[in-house]
Amino acid sequence: MLLGQQFPNAVLLEGSRLPPLHASKHFLNLTNGMEMASLLHQLQLPFSVVRMRSTCLEQQAFEALMLELDANLLLAAALGHSCVVWDCGCRNKHNGAPRALWYGLEFVRFALQRFWLGDGGPAHLRGHNVAQDFEAACRRFHPSTKKRLRYYKRYLAPRVVQQGVQLHGFFKRTQHDEDYEFFVDLAQQHCGSESTANAVDGCPRGSHWQVHKFGGTCMASPDRLKAVAELIINEPAQQTVTVVSAMGSCAESPVKVTDLILNMIDKAARQDAAFLVDLAALQEKHVETAKKLLGQGPELTAFVSRLMDDIGNLKAMLQAICIAGMATDAFVDFVVGHGELWSAQLLAATCKQMGADVAFMDTRDVLVVTPTSDGTSVDLDEEASNKRLDEWFKQHGNHKLVIATGFIAKNQKGQATTLKRNGSDFSATIMGALFRSGHITIWTDVDGVYSADPRKVPEAVCLPSLTYHEAWELSYFGANVLHPRTTLPAMKYSIPIAIRNFFNLAAPGTQVLDLEAEQKFSKGAVTIKGFATIDNVCLINIEGTGMVGVPGIASAVFSTVRDAGVNVIMISQASSEHSICFAVKGSEGDTAVAVLKKRFADSISAGRVSGVERIDNCCVLAAVGQGMVRRKGVAATMMGALAKANVNIKALAQGSSEYNITVLIDQKDSERALRAVHSRFYLSDVPIGVGIVGPGLIGGTLIEQLREQAVQLREEFNIDIRVLGIADSKHMLTSEGGIDLANWRQQWESNKQPSDLQAFGDALASSYIPNLAIVDCTASDAPPAHYLEWMGKGLNIITPNKKLGSGPLERYQAVRRMQRESYIHFFYEGTVGAGLPIIGTLKHLLETGDKAQLVEGVFSGTLSFIFNTFGDGRPFSEIVKDAKAQGYTEPDPRDDLNGTDVARKVAILARECGLMLELDDIPVESLVPEPLRSCKTAEEYMSRLPEFDADMAAKLDAARASGEVLRYVGVVDVKAGKGSVELRRYPASHPFAQLQGSDNIIAFTTARYGKQQPLIVRGPGAGAAVTAGGVFSDLLRLAAYLGAPS
């Protein structure tokens, strides 16, 4: 305005601001450039002057002139000049004044847009019909003005309509202004004038616009509508377009508008007059909302008046549908869009009442779409929509805030239609493209796009960013992201899209960007962005030797299913060309098989095609991420995670773009597979969920050891062990996220439920953690009966329980077979020697080619203590009593002295050596006297045991007389193919004679380790701490198998 004060007889022309060179306005003097330069110099503003050669009017001179303007603009930017002056030539009409003015407005507009916004070059000017363009431009003017303009038409430049650019202009009266009013009219018609409030010549497009879209949940109640209004009014953007859906449902307002409208249409088509009840509910919801939002006043009156008109029209239309007993697509499209109209009108009225500069836009007045060939979506007619957007702005003027309806548009015939699925989101990105906005925000009720479906994977994370392609891929595979078509308008103009939570404004949401911007945003930190599944698909397989090398087979297959209207989800073909398989929706499987059998009937009868096979109950699992292109081994990592989760892959597909890897798996494995791959890429390297059966002495000690080591395992070894369940014979406790081991006993007492080992296994198998194990710390027969069932559900087994390893041979072999044929592990180191590496040592010897000949040892810590102590002068019964008092024996010492426990260990070792012995095949020398075996209680047994002290003393004396000691041992004689448990005598120099306390000792005689120097393993073989430690070691060995660092 400072310039206007210096030149009071001037008309100031002003449109929307251009992106400035250095954050300041640019003034255009379209009359006398040097006079303007003088003023700028007085104001001490740095400036550049561009003198336009007004005589260069011919078409062929345009490119040269454009290049000259580019050079001047670049020079001005380099000099840091904040003002650029164009001197367009002489003002006298006989010397081309209209030509100069028109030329300046159009040509400089084009130059600036190309310089700042990067549009095309001078080639855009080629091929224009100058006279035709000029005549079209002149239609806006008064007939007398047209007559004078036609006089100069041979001089005028082609009319170049550029979107989103208007100029700040300065137009000064001089002493030669014979046609002053004519030129003012021309300038105001062309650029707009500050003298007409909000008047613009079309939409002022540019990055200063921000687009917001609010879904139905955000608009569901008066309070939420008010919050939306406050948010957009306080939006710092220069101008804002807000696209809204129809009102959704919430606790205080359960009516979901769009669903109710569709229900009304359905009832009317079925000639059910109950649609009138729904119409009344629709009216009531909007009237009550308007009353709470607007209060009594003109805004409420205006809204309700318009609403009642619409309700009357809808009632008449629905009655017509009811009479006809059917609803055409055109009727449905017209009726269903009213929810968006009313919510947008309500929001616009609310914003206006709050003092905002706002305009309501019915997008049916702007958007022109054409249906796609399949009728499931629409394509935007961008040229027609841009023209209608310009007309809308000419009619309604320029406002800071535009409230637009989502979901609705018109077709090329001018009929109301919708944007189909995800139409409101599509409306938002279309608006972003038409306005050339700087950003689009989709407001919803989730924090953003997640790495997996949180309902299936509770530890899914909200992604900070995605590329457009990644959003497409995830959306195709069913993830809750923007529909693939929704991103297209934004992608065309590289407009960022943010997906944010309206109910959690602190959450940053997910940004959807082009590849370059996304890489800068995320710094390439994440390789795979997300995982998604398509459930309930079937695999169609066509194979035959006659297909090899025959051109056109694939074309015939897929054209056949296309013509049948069957959508192909994924395709996989072996390089041998022997077979082609593809996945379709389960509901389309019968159709696909039928049409293919008909198409290839001759080939099938001739044997060239073996047949068309259908495999039901399948699921498609996809991993998506453009980071896969730069990183090796991603596919191997994914396949390994699936294998370790015991998930079988039926088919595999990966495009050369490497944006996604798709596998086909059994439907029953869907959630387990999704959790497995997600955990492998997003959680610690090795997450393991554990269920502990038997929280007694050993189990309780194991839980304490896990608690103490949890932090170190996570931080140093990337192993995350979570106890998901605890069970005993009477009760059980489960937790999806993991039991707090610091107070597990309190949780056990307060939350336990009746024990059911089958249900316990089911609860673990349904966990989102991919690697799962059950640790059986009992000595019961009940848990081993479930091992095979648990392993079939993907649960690894770790146990010190000897009942499986020494139990029925058929069950033992079935478990070992399951172990060999799958990725399920069965670890049982603790069954022999507690924490001593007995099983592992024997396995190592055998796996490296050594041949076991004899395995013998003191396998019972209890009996080791008794015979290491027996001989100190006390009778045998006193030694047993002392052992019981110190906790070395079972509550009934006969359970130790009868030798059954040692026999079980012998059976386990014999089976490891290849001797498939049943427990009954092993002779056992019991240390319980025959008369005492029938004692009803342990107390009775202990009271009568001294009666037999003389027998044991005699055996001890006989051994001492020969310089030997007594040891109760188990023996596996591999050469003889048998095992035994007996009380033996050993020389005082024998390693077994050197034992102390409750130590175990085992001697391995093999081809490498001869009888004279067997391999000896010795150490504590009993006690809760060492047994729990052995189980813990097995658990860490499982983690190593699953990929933890060694």
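Keep in mind as you look around that the model is predicted. The chain holds 36 helices and 35 strands. Of its 1046 residues, 53% are buried. Contacts across the sequence are well represented too: among the contacts in the chain with a separation of 6 or more, 74% join residues 24 or more positions apart.

Two packed helices are described by the angle between their axes and the distance between the axes. Turn to helix H30, which covers residues 861-869, and helix H31, which covers residues 876-885. Their axes come within 10 Å and cross at roughly 135°. An angle over 145° would have counted as roughly antiparallel, and one from 65 to 115° as roughly perpendicular; H30 and H31 are therefore oblique to each other. The crossing of these two helices is right-handed. On the H30 side, the contact is made by Phe 865, Ile 866, Phe 867 and Thr 869. H31 contributes Phe 876, Ile 879, Val 880, Asp 882 and Ala 883.

How many aromatic pairs does a search of the whole structure find? The search finds 19. One of the aromatic pairs joins Phe 867 and Phe 876, with 6.0 Å from centre to centre and 45° between the planes, a tilted arrangement. Phe 867 has a relative accessible area of 4%, so this residue is buried. Phe 876 has 2% relative accessibility and therefore counts as buried as well.

Phe 876 also pairs with Phe 870. Here the ring centres are 5.4 Å apart and the planes stand at 75°, so the pair is edge-to-face.

Elsewhere in the chain, ring pairs link Trp 209, Trp 392, Phe 393 and Phe 435 into a cluster. Another residue to look up is Asp 390, which sits in helix H14, residues 382-396. Is Asp 390 buried or exposed? With a relative accessible area of 13%, Asp 390 is buried. Asp 390 and Val 366 are 24 residues apart in sequence, and their C-alpha atoms are 8.8 Å apart in space.

Finally, have a look at the backbone of two asparagines. Asn 536 is not a glycine, yet its phi is positive, at about 55°. This residue lies in strand E18, which runs over residues 530-543. Its relative accessibility is 54%, so Asn 536 counts as exposed. Asn 718 likewise has a positive phi, near 55°, in a residue other than glycine. Where is Asn 718 placed? Asn 718 is in the loop between helix H24 (697-717) and strand E25 (719-727). Asn 718 has a relative accessible area of 33% and is therefore partly exposed.

Terms used:
Residues are numbered from 1 along each chain as its sequence is written. This is a predicted model: local features need pLDDT of at least 70, side-chain atom pairs count only at pLDDT 80 or more; totals for chains, interfaces and linings use all residues. Side-chain values use heavy atoms; hydrogens and water are left out. Axes are lines fitted to C-alpha atoms, for helices over the stretch in contact, and angles run from 0 to 180 degrees between N-to-C directions. Helices (H or I, at least four residues) and strands (E, at least two) are DSSP runs, numbered from the N terminus. Angles under 35 degrees count as roughly parallel, over 145 as roughly antiparallel, 65 to 115 as roughly perpendicular and the rest as oblique. A crossing is left-handed if the near helix is turned anticlockwise from the far one by less than a right angle, and right-handed if clockwise. Contact means heavy atoms within 4.5 Å. Rings of Phe, Tyr and Trp (its six-membered ring) pair if their centres lie within 6.5 Å; planes under 30 degrees apart count as stacked, over 60 as edge-to-face and the rest as tilted. Buried means under 20% relative accessible area, exposed over 50%, partly exposed in between (1.4 Å probe, protein chains only).
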